[in-house]
Structure formats: structure tokens, C-alpha cells
Amino acid sequence: MELFLISTLLILTISYFYFLLKPKHNNATQNLPLPPGHVYWPLKLFETLDYLSKAKTDTIHKFFAERKDKYSRKLFKTSHLGQNMVFLCGPEANKFLFANDYKLVRSWWPDTFLKVFENAGDEMTMEQVMRARKQFLSFFNEPEALARHVGITDEVVKDHFRKFWDDFDQVTVAPLARKLTFAVSCRLLADIRDRETLEKLLPSMGSIVDALFAMPINLPGTKFNRAIKESRKAREIFLDIIKQRKIELFEKKKKSESNDILSRMLLENYRDGEEVSDIVLAKNLVALLSSAYDNPSLVIVSIVKTLAELPEIYDKVRREQLEIAKSKGPEEHLSMEDIKRMKYSTNVLNETLRLEPPASGTFREALTDFSYEGFRIPKGWKIHWSVCTQQIETQNTFQTQRSLIHQDLKEMSQKCHTHMYHLEEVITHVLVKILQNYRY
């Protein structure tokens with residue numbers, strides 16, 4: 001009898017503390033409705049097909065416009081890439097997501113991405129991901145680093161124009177822009193200068209990017225199968241680079257010459273006793289490089305197209321560039337001060353990004369239930385933030401007298417400073433070369 005009473009008291013005590021200490025969900029959030037939209041068969045199958053077909057024809061804005069008109073201007077839910085997904089629209093939504101990164105949401109990529117890169121992100125802990133992000137951002141945010149990158153980028157751009165633009169009566173901008181931005185990315189990422197290595201990596205990245213939104217059918221001859229093979233080839237190249245870089249840094253003690261992201265990460269991990277395997281690092285470098293394959297070059301093409309179509313803007317940008325050129329010596333590199341003087345050129349870049357964003361956005365995953373605009377977004381649901389919904393809808397013409405980038409977008413760009421700076425740096429260098437030396 002006494003044993004029974006003791007057991008009962010023990011169970012009641014454990015139960016009391018369990019319910020006392022158990023995390024309590026926000027009842028207010030739980031009672032909120034889900035965002036408007038649908039995630040049901042058979043319509044859910046056609047949502048992804050409609051998204052991909054519009055993305056291929058550069059009309060992705062229509063996908064959002066149709067659903068915003070039907071459901072809500074702020075957000076809507078649907079099924080995309082086999083997931084329950086909420087699409088958030090407008091600069092306020094993007095600001096909300098970036099302010100709550102790794103608080104309410106975290107980065108998420110479709111299964112296609114993970115299979116192509118063979119679970120690159122999943123093999124790192126949350127702490128390692130945050131650490132790598134901090135290292136990556138610090139590489140671009142430090143004033144000394146920024147000044148150094150300007151010189152490196154200027155060197156790569158000048159070399160590119162000597163080889164592929166000078167002495168040619170006519171050039172095709174798109175493939176050359178991709179070749180240039182890829183070379184700059186490789187140089188900043190891992191100090192890759194060897195032309196043979198660049199020529200091997202470039203087509204591999206092309207195959208990878210082509211398959212990221214393709215059907216994940218891993219059969220010989222399919223885009224998906226080819227992308228997996230090319231991803232492995234690129235990874236082997238980076239594994240060799242990592243091994244050689246470790247020898248240079250830790251055996252030959254060439255630490256003072258390390259001006260790239262890979263060297264910085266290896267040195268900081270070694271200093272702090274943080275071990276990341278070479279294979280995981282190589283996978284993530286391939287994934288990172290793939291993101292630089294298309295976007296910067298697409299913006300360059302858009303700017304060249306804009307300048308060709310709007311001669312009055314072309315003349316103003318050219319005058320600004322020539323004015324800066326007068327203050328530079330023949331072999332003198334551009335500086336951060338020079339870039340700061342390119343106010344009109346920067347405004348043209350901002351307007352081009354506003355009217356013709358090079359990417360549709362990225363994905364997040366809800367870490368917990370949370371509310372937004374009076375709706376509940378459940379834990380585990382996926383979220384897509386869109387670049388094309390940032391465009392100020394009532395001003396669809398090219399404006400250069402003032403910046404039409406919304407203030408919230410400026411704050412968002414500070415959160416994405418790495419990508420925005422890299423894009424602006426490369427493009428301003430290209431503008432300098434084109435406008436100082438070439439005519440349409």
C-alpha cells in the first residue's frame with residue numbers, strides 16, 4: 001500500500017513539473033487562420049509547373065500578380081516543390097524575414113538542390129552555418145578588405161577586357177559577362193587564377209544551375225543526372241585547391257598572401273580549433289560558386305541593354321565615368337573613393353535591379369509557429385521571399401533623378417551586404433571599361 005502511494009505521488013510530481021515546464025504555444029497565434037490560398041490536390045501539382053514555366057519565360061511576376069489579386073497583396077499559401085509554402089510579398093515581408101533569420105526562420109533549399117550538392121548544408125550544424133556566414137560577411141564588410149577587393153576586381157576586369165574585348169569589332173555581351181563575373185567570383189572565393197581551372201569549372205557550373213529547378217529524375221542523359229556528375233567534378237577540383245591551400249598556409253606559412261574567402265575560413269577555423277572536413281567545405285564552395293554563375297552577369301547584360309536603349313542616360317553615365325578616369329593614372333586601379341563618386345552610375349544600377357531583378361528570391365523554413373499580417377505560419381512550412389514583388393508597381397519606367405529603391409529594401413540589402421556589394425563592385429568596374437573605351 002505504501003509503495004503504491006509513493007509511486008502515485010511520484011507520478012503526480014513528475015506530471016506536475018512536466019506541464020509546468022513544458023513550452024507553451026502562443027494561444028493567440030494558434031487561433032489565427034492560415035494564409036489565404038490552397039494546398040490541395042490536384043491543383044497543387046500545377047502550381048509548381050506554372051511557377052517553373054513562367055520562370056523560364058521571364059514572366060515570374062505574373063505568377064505573383066495573379067495570386068496576389070486572387071488572395072492577398074501581402075501573402076498567400078500554395079504548394080510548391082512538393083511543400084506547403086507561403087509566399088510573402090513586398091519589402092515589409094522581406095525586412096521581417098531577414099530581421100528574424102535563425103530566430104523564426106532559417107535557410108531552406110529544395111531537395112533538388114540538396115541532391116545536386118549532396119547535402120552540403122545538412123552536414124553542418126546550426127552553429128557551423130552561423131559561423132561560416134559570419135566569416136563570409138566579415139570578408140566583405142571590413143574596410144581594409146573592401147579596398148583590397150576593389151583592386152583585385154579591377155585587375156581581373158582589365159585582364160578580361162584585354163583578352164576578350166580589345167581588338168574585336170563586335171562582341172556578344174552575355175557569354176563574356178558570365179565569363180568575367182565567374183572569374184571575379186573564383187578569384188575572391190578561392191584565389192583561382194589558372195585559366196585552365198576556370199575553363200573546367202565554368203561549364204560545370206552551367207550544368208548545375210540548369211538543373212536546379214529541373215525535374216529530379218536521376219537517369220542517364222537527364223539534366224539532373226548531368227548536374228550531379230558535374231557537381232562532383234567541381235568538388236574534386238576544390239578538394240585539390242583546399243589541400244594545396246592548407247600546405248601553403250600551415251606548412252609554407254604564406255598567411256600574409258591569403259586574400260580570399262577560403263584562406264580566411266581555413267585560418268580562422270584553425271585558430272579557433274574548429275574542424276570542418278575538406279569534403280564538406282568543398283561541397284559548400286561549389287554551392288556558393290553556383291550562386292555567382294548567372295546573377296551578376298544578367299545585371300550587366302540588362303545595364304548594357306538599358307544604356308543602348310536610352311542614349312540620354314548613356315551619355316550621363318559616360319560623362320561621369322570619363323570624369324573619374326581623368327583623375328587616374330594609366331595603370332592605377334580604381335579605389336573605394338572612385339566608386340563612391342559614381343552616384344549616377346549607382347542609381348542606374350539600382351534602377352536596373354528594381355526593374356529587372358536577376359533572381360526570383362530564396363527560401364526559408366519556419367522554425368516555430370509565428371504570425372504575420374494576422375495569419376499563422378506553422379512550424380515546418382516553407383516560405384518564399386520574392387525579389388520581383390519589391391518593384392514599386394506604380395513606377396514601371398526607368399527613373400534616375402532619385403533612387404526608387406524603397407527604404408526597407410535598402411535595409412534589406414544591408415542584411416545581404418555580401419551579395420549586393422559583390423554585384424555593385426563588379427558592375428561598376430565593367431561600366432568603367434565599357435564606357436571609357438567602347439561605343440555602341
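Analyst: Happy to. Glu-373 sits in the loop that links E5 to strand E6 (375-377). Please keep in mind that this is a predicted model.

User: What makes Glu-373 partly exposed?

Analyst: Its relative accessible area is 42%. Buried would need a value under 20% and exposed a value over 50%, so 42% falls in between and Glu-373 is called partly exposed. The backbone of Glu-373 has a phi near 55°, a positive value in a residue other than glycine.

User: Where does Tyr-102 lie, and what is its phi?

Analyst: Tyr-102 belongs to the loop between H5 and E3. Its phi is near 60°, again positive and again in a residue other than glycine.

User: Why is Ala-282 called buried?

Analyst: The cut-off for buried is under 20% relative accessible area, and Ala-282 has 0%, so the label applies. Ala-282 is part of helix H13 (residues 278-290). Beyond four places in sequence, it touches Arg-235, Phe-238, Leu-239 and Ile-242.

User: How far apart are Ala-282 and Ile-242 in sequence and in space?

Analyst: They are 40 residues apart in sequence, with 7.7 Å from C-alpha to C-alpha. They still count as touching, because contact is judged on heavy atoms, which must come within 4.5 Å.

User: How do you know that the span of helix H11 is close to the expected one?

Analyst: H11 covers residues 223-251, which is 29 residues, and reaches 41 Å from its first C-alpha to its last. At 1.5 Å a residue, 42 Å is expected, and the span of H11 is close to that. Just after H11, Lys-253 takes a positive phi of about 60°.

User: What makes E1 and E2 a pair of strands?

Analyst: Pairing requires at least two bridges. E1 and strand E2 (residues 83-88) have six, in the antiparallel sense, so they pass.

User: Why are E1 and E3 called edge strands?

Analyst: The open sheet has five strands in the order E1-E2-E7-E4-E3, with mixed pairing. Strand E1 (75-80) and strand E3 (105-107) each have a single partner strand, so one side of each is left without a neighbour in the sheet. Neighbouring strands here are turned by 35° against each other on average, direction ignored.

User: What makes E1 largely enclosed, even at an edge?

Analyst: Six of its six residues are buried, so the rest of the structure largely encloses it. Leu-75, Lys-77 and Ser-79 point one way and Phe-76, Thr-78 and His-80 the other, and all are buried. Helix H3 (residues 43-56) lies across E1, E2 and strand E7 (382-386), at about 100° to E1.

User: How do you know that both faces of E7 are covered?

Analyst: Lys-382, His-384 and Ser-386 on one side and Ile-383 and Trp-385 on the other are all buried. In total, five of the five residues of E7 are buried. Helix H5 (residues 91-99) also lies across E7, along with E2, E3 and E4, and runs at about 125° to E7.

Key
Residues numbered from 1 in each chain as written. Predicted model: local features only at pLDDT ≥ 70, side-chain atom pairs only at ≥ 80, totals over all residues. Heavy atoms only, no water. Helix = DSSP H or I, 4+ residues; strand = E, 2+ residues; numbered from the N terminus. Axes fitted to C-alpha atoms, helices over the stretch in contact; angles between N-to-C directions. Buried < 20%, exposed > 50% of the residue type's maximum accessible area, 1.4 Å probe, protein only. Expected span 1.5 Å × (residues − 1).
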